[in-house]
Amino acid sequence: MVEKVLTANRLADGISVWLDASGNWVESLQDAFVARHAEAVAALEATGKRSFDENKVVDVNVIDVEEVDGTLRPLRMRERIRAEGPSIPYAPGYNGLAGPKNVAA
Amino acid sequence: MYRYDEFDHTFVSARVEQFRDQVQRRLSGELAEDAFKPLRLMNGVYLQLHAYMLRVAIPYGTLSSRQMRMLAHIARKYDRGYGHFTTRQNIQYNWPRLSDTPDILQELASVEMHALQTSGNCIRNVTADHFAGAAADEVADPRPYAEILRQWSSVHPEFSFLPRKFKIAVTGAERDRAAIQVHDIGLHLKKDENGRLGFVVYVGGGQGRTPMIAKKIRDFLPEEDLLSYTTAIMRVYNLHGRRDNKYKARIKILVHETGAEELARQVEAEFANLKDTELKLPDSDIQAIAAYFAPATLPNRPEGWGNLARWKKADPEFARWVHQNVQPHKHPDYGMVTISLKPIGGIPGDASDEQMDIVAEIAEEYAFDEIRVSHEQNLILPHVALADLEPVYRALVAAGLATANAGLITDIIACPGLDYCALANARSIPVAQEISNRFGSAERQAEIGELKIKISGCINACGHHHVGHIGLLGVEKKGEELYQITLGGSGDEHTSIGEIIGRGFEPEKVTDAVERIVDTYLGLRRDKSETFLEAYRRVGPQPFKDALYGGGAQAAA
């Protein structure tokens with residue numbers, strides 16, 4: 001099946017985050033816990049709902065990813081942009097998806 | 001320009017404190033997301049792909065230097081050093097923390113600004129001609145009426161939960177620079193045969209999923225009836241507008257389904273009951289508001305004519321900039337300066353905190369402390385003496401703000417698109433950048449002449465693609481971005497909705513397609529004076545279809 005990770009935006013600052021294997025919300029998709037079977041996906045969904053109810057995150061979603069040479073890459077462009085920032089250098093010091101990041105390919 | 005009175009100050013400060021309490025309760029968990037979301041939206045706070053977004057209202061696009069400096073300060077202190085000026089004459093910040101937004105709003109209130117009604121199903125920021133008060137072709141400054149509408153519509157209890165959002169635009173000139181015919185209400189200020197001021201009233205225009213050109217429902221509405229008549233329109237809409245289907249909830253659908261004549265009849269019936277109530281505007285009130293917008297005393301500066309001729313001769317780049325970005329002012333010794341926020345290959349509408357500070361400084365020193373935001377995502381200095389154009393230009397060059405492309409093919413409108421926006425299906429900014437780079441040469445742009453490209457990353461049409469001479473709409477097809485091209489749109493006094501020309505283009509092919517369209521135009525125009533839009537209206541879509549798809553042009557995708 002397609003691999004999945006759990007993503008959301010942090011409540012206090014809105015920054016995109018992903019759930020890691022220890023149950024923490026982290027800022028890098030590459031540190032996310034990857035669900036490879038239905039039970040793991042169900043666990044992700046339950047964790048997401050709990051985090052939302054606990055007011056840690058908002059806009060919680062399970063998304064599809066694939067592993068390319070050991071790097072996680074969301075299948076949808078929207079999620080690739082969420083993971084790395086806008087696809088353009090948009091401010092000094094911020095190159096977004098256009099920068100030397102992992103999932104640009 | 002308008003200054004807050006005691007009531008305005010108290011009202012805006014109270015709203016800041018109310019929102020501060022709401023944010024605190026949200027962060028502490030006392031308020032759930034479902035309860036909080038409509039509250040944050042009422043204060044301009046959205047959640048986008050990467051972070052929250054704060055949309056700050058710039059009423060009718062008018063700013064002082066002090067306010068522009070505050071916008072720069074907020075970009076620097078609370079964001080990533082830039083802001084994005086929008087097609088609704090507002091500014092958006094893309095990275096504020098929710099926890100900071102009450103402080104940001106408090107800082108904005110200190111310079112008489114807020115983010116109220118920049119979201120939600122209410123009457124949004126009223127927009128106006130960005131050359132208001134300076135243009136030679138206007139009968140009167142439309143901004144006092146926009147301000148009256150702003151005051152009347154702010155937290156109006158009857159119109160805070162409309163079927164859908166509601167946008168009003170006002171112009172005082174024959175040449176429509178406010179795109180009034182694609183607004184829910186468009187007001188054209190004019191004088192009747194007796195010299196009285198009033199409005200031609202248009203209703204039911206809009207872009208989005210179902211683009212519609214507004215219908216004229218009143219040839220002349222005396223100025224004193226502005227609020228009673230607008231209230232009558234709002235009441236008819238509030239009562240009959242559809243609430244069962246978000247996509248059919250705008251007034252344009254009601255006008256379309258009811259028919260303009262019947263709708264006008266309903267509005268007139270409502271108006272008859274309201275006409276002589278407290279909504280009637282006393283002349284003293286109109287004059288009191290108009291006094292805030294009284295034009296600055298512009299001293300004669302005839303030396304500018306000779307200086308300008310000399311400077312232009314000495315510096316062809318300066319001459320090009322004056323030719324393209326400076327429009328005649330109603331005072332012959334002055335000009336209206338467009339500061340392009342469309343550097344070649346840049347992000348349309350973005351400005352850094354330093355650039356905002358520099359614009360504020362220039363406005364203070366040379367432009368009577370007035371700045372405008374245009375719906376075409378540029379900044380305007382409405383009153384600059386010709387004698388001061390050279391130093392203004394030098395200061396703009398130093399800040400990377402002197403691109404001489406106002407109204408040309410690289411003066412592209414683009415929404416934030418999929419790079420930021422949670423609603424978008426495709427990116428807008430990189431497409432705008434590639435087109436801008438392709439056509440970036442000054443000579444090539446001059447050869448092409450006036451050509452407006454407008455790009456939206458989804459059907460909501462924030463990038464105004466329906467009224468682009470060339471419009472690009474990004475869609476998602478089988479998980480990939482695809483760009484549909486429309487031709488022949490226009491958002492001026494001869495408004496038209498662009499026609500879809502054929503199947504869409506992949507991101508890597510869309511710039512080539514635009515180039516083919518432009519080359520086709522260059523090949524068939526009568527002479528250089530025939531603009532792209534005029535040529536398109538003369539020959540229709542076929543030559544462009546042939547150029548893009550070959551003889552057997554394919555049906556629209």
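Residues are numbered from 1 along each chain as its sequence is written, and chains are lettered from A, with ligands numbered from 1, in the order in which they are written. Because the model is predicted, local features need pLDDT of at least 70 and side-chain atom pairs count only at pLDDT 80 or more, while totals for chains, interfaces and linings use all residues; side-chain values use heavy atoms, leaving out hydrogens and water.

The size of an interface is often given as the accessible area lost when the parts come together. Here, chain B and chain A bury about 2300 Å² between them, with 59% of it on carbon and sulfur atoms; buried area is the accessible area (1.4 Å probe) that two parts lose on being put together, summed over both. Which residues of chain B lose the most area to chain A? They are B:L49, B:H50 and B:R80, which together account for 25% of what that side buries.

The rule finds 1 salt bridge between chain B and chain A, a salt bridge being a side-chain nitrogen of Lys or Arg within 4 Å of a carboxyl oxygen of Asp or Glu. The side chains of A:R76 and B:E476 meet in a salt bridge, at 3.1 Å from N to O.

Helices (H or I, at least four residues) and strands (E, at least two) are DSSP runs, numbered from the N terminus.

Chain B itself is divided into domain 1 (6-109), domain 2 (135-292), domain 3 (304-398) and domain 4 (417-549), with bounds that come from an automatic or database domain assignment. The centres of domain 1 and domain 4 of chain B, taken over C-alpha atoms, are separated by 33 Å. Their contact takes 8 residues from domain 1 and 7 residues from domain 4 of chain B. The area buried between these domains of chain B is about 630 Å², of which carbon and sulfur atoms give 55%. B:Q48, B:L49 and B:T87 supply 64% of the area that domain 1 buries against domain 4, more than any other three residues. The count between domain 1 and domain 4 of chain B is 0 salt bridges, but 5 residue pairs are in polar contact there, both residues at pLDDT 80 or more. On the domain 1 side, the touching residues divide into 4 nonpolar, 4 polar and no charged.

Elsewhere in chain B, the side chains of B:E364 and B:R69 meet in a salt bridge (3.0 Å, N to O). B:E364 lies in helix α12 (residues 353-366) and B:R69 in helix α3 (residues 65-78) of chain B, so the pair ties together parts that are 295 residues apart in sequence.

Finally, the strands. In chain A, strand β1 (residues 3-10) and strand β4 (residues 57-68) run antiparallel and are joined by 7 bridges; two strands pair if DSSP finds at least two bridges between them. A:E3 stands opposite A:V65 in β4(A), and A:V65 also has A:P74 in β5(A) as a bridge partner. β4(A) and β5(A) form a hairpin with 2 residues between them, and A:D69 in the turn has a positive phi of about 50°.

Methods: Contact = heavy atoms within 4.5 Å. Polar contact = N/O pair within 3.5 Å; in protein donor to acceptor, adjacent residues only side chain to side chain. Nonpolar A, V, L, I, M, F, W, Y, C, P; charged D, E, K, R; others polar.
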